[in-house]
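Notebook open. Today I'm looking up pockets and salt bridges.

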Amino acid sequence: MTQPPHDEPTAASPEELREQVEQTRAELGETVEALAAKTDVKARAQEKAAEVKEQAAAKAGELKEQAALKAGELKAKAAELAHQAQDRLPDPVKDGAAQAAEQARAKAAQAGQLWEEKAPEPVRQTTAQGLQLVQRNRKALLAAAGVAVVAWFACRRSKG
């Protein structure tokens, strides 16, 4: 006859023996479930995929936030450079630019009138949409022009 393990007491009655058997069955069932979970490759792969997907989404959100912050910084820097360039322009250059702008406005008005008289309707609609796009992005275009002026001055100074 075999002897029970040293750490387990022997059953004194059939009822205790049944309880030990039930406890052993429960423990064995838990062990089998744990082993089955470890061998369920599909479920483990799905869990890992969900975890990686969640991490990727978090990282994408973080990168998007960083990009938005950097874009804001660059926009502010461009506006600052445009203001600096405008402040450094000599008065005769500013006056000349203002006169040229006024002449351009007058010529544009004349061209606009001619355009309204001669252009077909679909072409006018497309042009109007382009004009609206430019008007909505006026600040960005002005900032870009300011940066171009600053770059021009920098190149001019480095050559002189």
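How much space lies in the second largest pocket? I get about 390 Å³. Of its 10 lining residues, I noted Ala108, Ala109, Gly112, Thr127 and Leu131 as the closest to the centre. Two elements give two or more residues to this lining, helix H3 (91–118) and helix H4 (121–136). H3 gives the most, with six residues. By class I have five nonpolar, three polar and two charged residues.

Ground rules, for my own record. This is a predicted model, where local features need pLDDT of at least 70 and side-chain atom pairs count only at pLDDT 80 or more, while totals for chains, interfaces and linings use all residues. Residues are numbered from 1 along each chain as its sequence is written, and side-chain values use heavy atoms, with hydrogens and water left out.

Terms for the pockets: on a 1 Å grid over the protein atoms alone, a pocket is an open set of points where a 1.4 Å probe fits, with protein on both sides within 12 Å along at least five of seven lines, and lining residues have an atom within 4 Å of a point. Points are joined across faces, edges and corners, and the volume is the space filled by probe spheres set on them. Helices are DSSP runs (H or I, at least four residues), numbered from the N terminus. Nonpolar is Ala, Val, Leu, Ile, Met, Phe, Trp, Tyr, Cys and Pro; charged is Asp, Glu, Lys and Arg; the others, Gly among them, are polar.

Next, the largest pocket: about 480 Å³ of space. Of its 17 lining residues, Ala82, Gln86, Leu142, Ala143 and Gly146 are the closest to the centre. Helix H2 (41–88) and helix H5 (138–159) are the elements giving two or more residues. H5 has the largest share, eight residues. I count 11 nonpolar, three polar and three charged residues in this lining.

Then the salt bridges (side-chain nitrogen of Lys or Arg within 4 Å of a carboxyl oxygen of Asp or Glu). The structure holds six, and I looked at some of them.

Arginine 18 pairs with glutamate 15 at 3.7 Å, N to O. They are three residues apart in helix H1 (residues 14–39), so about one helical turn separates them. Arginine 18 is exposed at 52% relative accessible area, and glutamate 15 is partly exposed at 45% (exposed is over 50%, buried under 20%, partly exposed in between, 1.4 Å probe, protein chains only).

Arginine 25 meets glutamate 22 at 3.0 Å, N to O. Lysine 59 bridges to glutamate 62 at 3.7 Å, both in helix H2 and three residues apart.
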